[in-house]
Amino acid sequence: FQIVNSLADYTIFVSDWVFKYHSDLWFDRVNKYKVINNDVDREIFFSSNDNDSSDIDVYKVVTHHFSSNTNKGYDDYKNLDEDIYNKKIRNIELHIIGNAPKDIEWKSAKIHGLMYGRELANFLRNCHIYITGSKYEASAMHWKEGVACGLPLIYSVKGGEIADYGAKYGLAFDGKNDMLTSINTIIKNYKSFKDNVRKNKFQYRMVSEYAEVIDQLIKE
């Protein structure tokens, strides 16, 4: 990274978390840089008024990942899968979209294939809670798409960028039992968490901020 970056006129970091990580290791803050957070396509990923009621029979907990890497949180999803199967938590379903590892034997989770764009957004809007066990993420899109669709967030304290911003949208968990506590807390206060997600809409300006940096470099 350091060798490649020495050739650059400007450095863009995709989150405060990854900026601090590299600054602590090698990046010289004297060099020109900016943090520009990734944003979602808000014409596709947006909230609706569906599923606002606190009178819900079965809460659909959802996550989606293109990668099957274990750091995407599949150990946490497997724990939740077993807790649902063993009835340690009731009235919820776990939905996993994407490339789930083939070596995991799921007992209760509903596994879906890859989804994109409007199909994905429509599915997310028909769920109730978004969960991510993803760890050490620089700037993940999956949780932002879930939150943009109006879903309260359950996230790992090891989530990197997610842990920096996730408190605006839901609750963290650290370990198996703590995850159940966080889910139950959101269920018991569902409307309040939904309202909070809407209130804390993303304020990112990803495309325009990149354009401003490029325009500045051209002028210089």
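**Loops, salt bridges and cores**

Modeller: Happy to! N91 is found in the loop between α3 and β4. Keep in mind that this is a predicted model.

Colleague: Okay, and what is the phi of N91?

Modeller: N91 has a positive phi of about 65°, although it is not a glycine. Most residues other than glycine have a negative phi.

Colleague: Is N91 buried or exposed?

Modeller: N91 is exposed, with a relative accessible area of 51%. The cut-off for exposed is over 50%.

Colleague: And what about K87, where is that?

Modeller: K87 sits in the loop between α3 and β4 too, and β4 covers residues 92-98. The phi of K87 is near 60°, again a positive value in a residue other than glycine. K87 is exposed as well, at 52% relative accessible area.

Colleague: Let's change topic. How many salt bridges are there?

Modeller: The count comes to 13 salt bridges. Side chains of opposite charge can pair when their charged atoms come close.

Colleague: Nice. Which residue does D75 meet in a salt bridge?

Modeller: D75 meets K135, with 3.3 Å from N to O. D75 lies in helix α3 (residues 74-85) and K135 in the loop between β6 (129-132) and α5 (142-148), so the pair ties together parts that are 60 residues apart in sequence.

Colleague: Are those two buried or exposed?

Modeller: They fall into two classes: D75 counts as partly exposed at 39% relative accessibility, while K135 counts as buried at 14%.

Colleague: What about K144, which residue is its partner?

Modeller: K144 forms a salt bridge with E161, at 2.9 Å from N to O. K144 is in helix α5 and E161 is in helix α6 (residues 161-165), so this pair links parts 17 residues apart in sequence. K144 counts as buried at 0% relative accessibility, and E161 counts as buried at 0% too.

Colleague: And where do D195 and K191 lie?

Modeller: Both lie in helix α8 (residues 190-199), four residues apart, which is about one turn of the helix. D195 and K191 form a salt bridge, with the closest N and O atoms 3.1 Å apart. D195 is partly exposed at 36% relative accessibility, and K191 is partly exposed at 47%.

Colleague: Now the inside. Which residues touch the most other members in the largest nonpolar core?

Modeller: That core has 26 residues, and F45, V62, W143, L153 and F202 touch the most other members. The elements giving two or more residues to this core are α4 (117-125), α5, β7 (153-156) and α6. The largest share, four residues, comes from α4.

Colleague: What is L153 in contact with?

Modeller: Leaving aside neighbours within four places in sequence, the contacts of L153 include Y130, W143, V147, I162 and I186.

Colleague: Last one: where is E209 found?

Modeller: E209 is in helix α9 (residues 206-219). At 14% relative accessibility, E209 counts as buried. Not counting residues up to four places away in sequence, E209 touches K34, V35 and I36.

Technical notes:
Residues are numbered from 1 along each chain as its sequence is written. This is a predicted model: local features need pLDDT of at least 70, side-chain atom pairs count only at pLDDT 80 or more; totals for chains, interfaces and linings use all residues. Side-chain values use heavy atoms; hydrogens and water are left out. A salt bridge is a side-chain nitrogen of Lys or Arg within 4 Å of a carboxyl oxygen of Asp or Glu. Buried means under 20% relative accessible area, exposed over 50%, partly exposed in between (1.4 Å probe, protein chains only). Contact means heavy atoms within 4.5 Å. A nonpolar core is a set of buried Ala, Val, Leu, Ile, Met, Phe, Trp, Tyr and Cys residues joined through side-chain atoms within 4.5 Å.
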